[in-house]
Amino acid sequence: MVVDMPRGGFYVTLRCNLRCKLCAAHAPYYKKPWHPTIEELCTQVDRFFELVTHIGHFSLTGGEPLLHQDVDILVRHIKQYSSQIGVLELFTNGTIMPKDSVIDAFGEYDGAVKFCIDHYGPDLSVNAERLADRIKRELPDAVVELRDYYTQNMHCDGWVDWGIGQVQERTDEEAQEIFNKCSLPQKLDFVSCVNNGVIYPCPQTRRCIELGYIPFDPKEAVDMFDRSYSDLEIQQRINERYTLTILRACKFCNGQCDDSKRYPPAEQL
Ligand SMILES: C[S@@+](CC[C@H](N)C(=O)[O-])C[C@H]1O[C@@H](n2cnc3c(N)ncnc32)[C@H](O)[C@@H]1O
């Protein structure tokens, strides 16, 4: 069965060196953030590309992915799947200047590469500009997007407050209203999030399940390693998620809507 995913964020680690209050991945709220071994990451990648025929944007994210000591090995491992990937992306907070072998690994990758360097201001993203310059110099074929998250003209007008943990359970009608105007399902093809063997339809579904607000519903969250289903069934469920017209998490989430209040990005706890 053909499984063609428009995009997906692949969590490399939930460790982060920033403590952003409104973090979409809730990274600063873990006492012991998830930090897998390279073997675990590679196993997930292998299984993902066994099931998924093609993904438009395969984004390494987190947490701060450059905090993973083996991100270079991961990129080299992903290379064997480059024909199944439209663009291999890396999201980073611009704090870390990666070691040479990370840049080299992206240089060896034989498909399209994009670096999304989120610039949270000169006090936080101390290496954002230097990293952007270095990639432009050393990897001239890579696309570099240095995203302004600190001036008046900031990307997306700033961050949103997802509200997980504060929003009281919404009625079905209210949840439907959120789903109908949230840009994740409506404009961004759901922004699937791959974490620890599970493909979630959005990052907030992952968090709501983790906190016990909603159950693990196999129609929404697909466990790639659940061997009680055949590969065909798992693939069917990945495809069917794109036809969902509501997500359970919408009862507990504010969404990222055009009319959502915007907040200064990366405000530190
Ligand atoms: C959770 S971060 C992880 C990757 C990396 N640490 C970074 O900061 O780019 C992934 C993306 O989510 C965005 N993001 C995080 N929290 C957000 C929020 N509350 N509203 C909107 N975007 C958010 C970040 O700006 C970044 O582009």
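Below are my notes on what I looked up, in the order I took them.

**Ground rules.** I numbered residues from 1 along each chain as its sequence is written. The model is predicted, and I kept local features only at pLDDT of at least 70 and side-chain atom pairs only at pLDDT 80 or more, while totals for chains, interfaces and linings use all residues.

**Overall build.** I found eight helices and eight strands in the protein chain; helices (H or I, at least four residues) and strands (E, at least two) are DSSP runs, numbered from the N terminus. The radius of gyration is 18 Å, close to the 18 Å from the globule rule for 269 residues, so the chain is as compact as a globular protein of that length. That radius is taken over C-alpha atoms, and the rule is 2.2 Å times the number of residues to the power 0.38. Along the principal axes, the C-alpha atoms fill a box of roughly 50 × 45 × 35 Å.

I then checked burial, and 41% of the 269 residues count as buried. My cut-offs: buried means 20 or more other C-beta atoms within 10 Å of the residue's own, exposed means 12 or fewer, and partly exposed is in between, with C-beta atoms placed from the backbone.

**The sheet.** What order do the strands take? I read β5-β4-β3-β2-β1-β6-β7-β8 for an open sheet of eight strands with mixed pairing. Two strands pair if DSSP finds at least two bridges between them. At the edges sit β5 (143-148) and β8 (222-223), each pairing on one side only.

Next I followed single pairs. β4 (residues 112-119) runs parallel to β5, with six bridges joining them, and phenylalanine 115 has valine 144 in β5 as its bridge partner. β2 and β3 are also parallel, over five bridges, and leucine 60 stands opposite leucine 90 in β3. Six of the eight residues of β3 are buried, so the rest of the structure largely encloses this strand.

I picked aspartate 4, in strand β1 (residues 4-13). Buried or exposed? Aspartate 4 is partly exposed, with 13 other C-beta atoms within 10 Å. Beyond its neighbours within four places in sequence, aspartate 4 is in contact (C-beta atoms, placed from the backbone, within 7 Å) with Thr53 and His54. Its C-alpha atom is 7.9 Å from that of glycine 56, 52 residues apart along the chain.

Then I turned to valine 194, in strand β6 (residues 192-195). Valine 194 counts as buried, with 25 C-beta neighbours inside 10 Å. Leaving aside neighbours within four places, its contacts include Gly8, Phe10, Gln44 and Phe48.

**A helix face.** In α5 (residues 172-181) I found Ala175, Ile178 and Phe179 buried. They fall within an arc of 100 degrees seen down the axis, so they line one face of the helix; the arc is that of the directions from the helix axis to the C-beta atoms. These buried residues pack against α6 (183-187).

Methods. Contact = placed C-beta atoms within 7 Å.
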